[in-house]
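Please look through the sequence and the 3D structure below before reading on.

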Amino acid sequence: MTNCPECDAPVGAKDRFCEECGRNLLVRATPVGGPDGSAAAQCACGSEDIDDDGFCEQCGRSQPVGRDRMEFVLPTIAGISDRGRRRARNEDSMAFGHVHARGVAAIVCDGVASSERSDEASQAAVDAANAVLVDALVEGSDPERATVLAVASANRAAGELARPEAQDVAPSCTYVSAMRTDSGVVVGWVGDSRAYWLADDGAKTPSRRLTKDDTWAAQLVADGVLTEAEAVNDRRSHVLSRWLGGDSGQVSPHVVTVVPEEGGIVLLCSDGLWNYLPEVEDLDAVRPRGAAPLEIARDLVAAALHAGGHDNITVVVIEVGVGRER
Amino acid sequence: MSAEFAVEVFQNEYLPEGAREVDAIVTVSASGVSSAPVSSADIAQVIIVDCSGSMRYPPAKLNAAKHATVTAIDALRDGVSFAVIEGTDTVRMVYPREQGLAVASTRTKLEAKRLVRGLTADGGTAMGRWLALADRVLARHRGGLKHAILLTDGQNQHETPAQLSRTLASISGHFTCDCRGVGTDWQVEELRKVAEAMLGTVDIVADPQGLADDFRAMTATAMGKAVGGVSLRLWTPEGAVVKFVKQVSPTVLDLTDRRTESGPRTGDYPTGAWGGESRDYHVCVQVKAAGVGDRMLAGRVSVLTAGGDVLGQGKVLAVWTDDSALSTRINREVAHYTGQAELAEVIQDGLEARKSGDVETATAKLGRAVALAASSGNTDTAKLLAKVVDVVDPVTGTVKLRPGVEDADEMTLDTRSTVTKRVGKP
């Protein structure tokens, strides 16, 4: 016997809907507005006395509060979004959902620092996209089409935050999503948040990056103006050529589908991670093998924090492989 | 409680890796006082008049002191408690005759003024005894606002410095005492010690004619206070050391050694009575070093009533960064008051060196003072300095000591060295 996550009424193991409130028991997702990242009950110094602003009454250290560090776990998927060490707030957001026997969907959006309230933009975008993708999983509709619709919905949600008199700083964000169903993984993106396929050791399908950044530098590399090495050092390497938000216009995502024959993980992340671990080799060197998604996410975030944590870091890990999808 | 307190903190919270010292200027402002004046019954004022033999010469001095005391009595609101004390090498109640306080009314004020006019000068100077009697008299007062004015013209000759220090230690915090030196035969350092211990002001009244206005103003200020016994409470994290807590505006007053422990990692510093006014404090805390990216509460400053009610609170933060653009940023308020505190120090050191005949040190210190006063826009102090040194270049602080400086000018500079200029709003 378990309980309904919505109304806490007892539900049977085979119930599809809660008899009490009618909630679909086969669907679970991150809460709208983001996972609750409230402070740990205990400071690292051992004190349990934390003041209203999140400072320890003993050692004075600030405890993570609100969006500073968000963690969430569902079956076969886990995510962490961390403020990092330099930024005053976390402008990244993540959302994901799990639909029993159908699959999972996940989105990472990175608020554009030069726009206003970009934390609100990224949160509105992931929540809007997640609703679309989870519905598509429930209904079994086409993942590629769902991804396009999710981006449109996310773009609208972020765009609604814009103030008419401040269009040039309209809240904006990047977008990357993944939908895992029985027929494969569909990845969609706008901007420079990335998706990677990280294969199990010894697999025939090698690890690889699934996305190409929508940045001016990446565009110049594609056009042969810059080499990869030059682009990394170019000040334009992070200047986005496409994004979501009030000043983005109509945006359709790049969409790719992968059909892995063997096991591995799909990693979604913001540039707070890939700035430190850009190549699949870098990621492969850090990630633990045979570990649960949350543990992998924690190790990756810790590596970025250890390397300096210059930006917000968001990591979502999705298990892919025979027998691991339930 | 008839005042509202606001606390503001100015600092650069960003520290480079490995740094441990956190500086902040804490501005405490009390407002809403005039809309709800404190009841007269709450206020007590004692006037201590030096009647030592030296007050006889020039004769205008004792007359001016009497006139000033009369003026101060006139300025008392009816219903306020008061007393007048005569100080010599011993001490005596002038009014009321028995040890205690009278309640101001037309009749009591007339009686007091008549007795003050009859004062004569004879004997020596023992300020500790004067203050001890004032303390006993004020101890009977139930209200929260206790104020004294101490007027002297000479040095504390009939007591050792240690005796005076002991008395000050035993009465400090019981009442505030504003000190005035008339003429030029008193010692600035001695009177400053009394004023600082009693959280009051000190000033020179070189010309006795100016006393009456000064007494009236001091009494009016005392009548305008709304809450007494206010303290600053400072919480610091484990392993932290409080380097100093200084009032830096309107005057420099080091409160570091005035701390009373009030809880774990928490201490209270007295600030005396408050009217509608604003004061700035410089707090410097050394914390345990932390890693880049860490945020720490380096201090929490609370304003408390004597009863322990928290009237306002501010936070001093520390954030470690490897971004030198952030960590090297100079906070205007901290820089300004660091300069003002140094200004007071170099004036006092410079005058001390000048007295002892060390021309080189005196020239260097007073030159530095001229440069600091000029760069911070402290024109009042700059003017006082110009009476003691010839300023060649105020920017570099190039000066020459003036020969034949008037005692009054030198003492005025010394006395007012601690008066700071408020940081300018950008």
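What follows is a short briefing, grouped by topic.

This is a predicted model, in which local features need pLDDT of at least 70 and side-chain atom pairs count only at pLDDT 80 or more, while totals for chains, interfaces and linings use all residues. Residues are numbered from 1 along each chain as its sequence is written, chains are lettered from A and ligands numbered from 1 in the order in which they are written, and side-chain values use heavy atoms, with hydrogens and water left out.

**The interface between chain A and chain B**

- The size of an interface is often given as the accessible area lost when the parts come together.
- Chain A and chain B bury about 1300 Å² between them, 41% of it on carbon and sulfur atoms, where buried area is the accessible area (1.4 Å probe) that two parts lose on being put together, summed over both.
- On the side of chain A, the residues that lose the most area to chain B are A:Phe55, A:Gln58 and A:Arg61, which together make up 36% of what that side buries.
- Counted by contact (heavy atoms within 4.5 Å), 14 residues of chain A meet 17 residues of chain B.
- Six salt bridges are counted between chain A and chain B, a salt bridge being a side-chain nitrogen of Lys or Arg within 4 Å of a carboxyl oxygen of Asp or Glu.
- One of these joins B:Arg300 to A:Glu57, with the closest N and O atoms 2.8 Å apart.

**A salt bridge within chain A**

- Over all chains, a search of the whole structure finds 42 salt bridges, including one between A:Arg87 and A:Asp311, whose closest N and O atoms are 3.0 Å apart.
- This pair links distant parts of the chain, since A:Arg87 and A:Asp311 are 224 residues apart.

**The largest pocket**

- The largest pocket has a volume of about 790 Å³; on a 1 Å grid over the protein atoms alone, a pocket is an open set of points where a 1.4 Å probe fits, with protein on both sides within 12 Å along at least five of seven lines.
- Its volume is the space filled by probe spheres set on the points, which are joined across faces, edges and corners.
- There are 38 lining residues (those with an atom within 4 Å of a point), and the closest to the pocket centre are B:Asp178, B:Leu199, B:Gly200, B:Thr201 and B:Pro250.
- Helix 6 of chain B gives the most to this lining, with five residues; helices (H or I, at least four residues) and strands (E, at least two) are DSSP runs, numbered from the N terminus.

**Local backbone details**

- Most residues other than glycine have a negative phi, and most peptide bonds are trans.
- The peptide bond from B:Tyr57 to B:Pro58 is cis, with omega near -10°, and B:Pro58 lies in the loop between strand 4 and helix 1 (59-74) of chain B.
- A:Ala101 has a positive phi, near 65°, and its place is in the loop between strand 6 (92-99) and strand 7 (103-110) of chain A.
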